[in-house]
Amino acid sequence: SLVACVTLIRLDASKNRLRALPAQLGALTRLVRLAVSENHLEALPASFVDLSALQVVDVSSNFLTSLVALPPSVVSLDAANNDIAEISFQIGEARALGRLNVANNKLQTLPSTLAATPLVSTKGLDASGNPLNGVPVEMRGSPAALLGFLQDLHQGVAQVLFIRAVVMGEAGAGKTSFLRCLSDPDVSIKSLLRQAR
């Protein structure tokens, strides 16, 4: 029983074809490192968040479909090569998280709460190999760009993507008026049409 191992600091159960972790996992309150990579895990037990001393977690190469809350003490999480399609916004409560590897999963987007973690300063995010359709293509290329995008979302700043356009037309066709409408939100096309020429 895991309850008898409460002084355990490291647990490596990798490559054991485990389908689930025991519900009593949370009793290991001194556990600092947990490695359960290359198993058949589909979920982490609810008691996972009770591992108050946990700092390093490797759950890579399993069949996890989501990531929920992490213990606040987690510094590094490797969850690469799973089937993760969703990461809970609660992951941002892991205030020590400086490295997160979620490469090669099925993520469409990432929670903006990641911007509240040290990932912003460490740039320790790897989300490569995910569709990330909810993230502009320009922001997917580097951890810094992706984290900048998430930081803007977290702060409520809307992303504005710029385009370069050339306006062409006959003299007097209204090119300048059109550009004035685009650049000044207080000017409307209707107001310009009402103006006498």
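Biologist: What is the relative accessible area of Lys106?

Modeller: Bear in mind that this is a predicted model: local features need pLDDT of at least 70, side-chain atom pairs count only at pLDDT 80 or more, and totals for chains, interfaces and linings use all residues. Numbering starts from 1 along each chain as its sequence is written, and side-chain values use heavy atoms, leaving out hydrogens and water. Buried means under 20% relative accessible area, exposed over 50%, and partly exposed in between (1.4 Å probe, protein chains only). Lys106 counts as partly exposed, because its relative accessible area is 46%.

Biologist: Which residue forms a salt bridge with Lys106?

Modeller: A salt bridge takes a side-chain nitrogen of Lys or Arg within 4 Å of a carboxyl oxygen of Asp or Glu. The structure holds one. Its closest N and O atoms are 3.8 Å apart, and the partner of Lys106 is Asp83.

Biologist: And how many residues apart are Lys106 and Asp83?

Modeller: Helices (H or I, at least four residues) and strands (E, at least two) are DSSP runs, numbered from the N terminus. Lys106 is in the loop between β7 and α1, and Asp83 in the loop between β5 and β6. The pair links distant parts of the chain, 23 residues apart.

Biologist: Which strands stand at the edges of the sheet?

Modeller: Two strands pair if DSSP finds at least two bridges between them. The open sheet has six parallel strands in the order β1-β2-β3-β5-β7-β8. An edge strand has a single partner, so one side of it is left without a neighbour in the sheet, and that describes β1 and β8.

Biologist: What does Leu34 stand opposite in β3?

Modeller: β2 and β3 run parallel, joined by three bridges. In β3, the residue opposite Leu34 is Val57.

Biologist: Ser37 next: what is its relative accessible area?

Modeller: Ser37 lies in the loop between β2 and β3. Beyond its neighbours within four places in sequence, its contacts (heavy atoms within 4.5 Å) include Ser14, Asp58 and Asn62. Ser37 is buried, because its relative accessible area is 8%.
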